[in-house]
Amino acid sequence: MYCCHCGYELDAHKLEAKLSSFDCVQDGNMDTSINYVCPRCGHLIKENASPEDVKSLTRACHAE
């Protein structure tokens, strides 16, 4: 999973192994989307990226 703003690669599997996000959700609704915060830039990282997010990720990767 990548941050669409700065291109940082986030390993969600390692984060979930340390502290499961599903254990933190209290309502029990499995339709709840889990978002992460990028440790580099502080923007939200979404699991399902829109086409605009993909374009932003491409620009960020080329900028590096």
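**Cysteines and fold**

Modeller: The count comes to zero disulfides, where a disulfide is a pair of cysteine sulfur atoms within 2.5 Å. C38, for instance, is in no disulfide; the nearest cysteine sulfur, that of C6, is 3.6 Å away. In general, a disulfide is a covalent bond between the sulfur atoms of two cysteines. This is a predicted model, in which local features need pLDDT of at least 70 and side-chain atom pairs count only at pLDDT 80 or more, while totals for chains, interfaces and linings use all residues. Residues are numbered from 1 along each chain as its sequence is written, and side-chain values use heavy atoms, with hydrogens and water left out.

Colleague: Is C38 buried or exposed?

Modeller: Buried means under 20% relative accessible area, exposed over 50%, and partly exposed in between (1.4 Å probe, protein chains only). C38 has a relative accessible area of 3%, so C38 is buried. C41, at 28% relative accessibility, counts as partly exposed. Of the 64 residues of the protein chain, 25% count as buried.

Colleague: Which elements does the protein chain have, and how do they run?

Modeller: Helices (H or I, at least four residues) and strands (E, at least two) are DSSP runs, numbered from the N terminus. The protein chain has three helices and two strands, and from the N terminus on their order is α-α-β-β-α.
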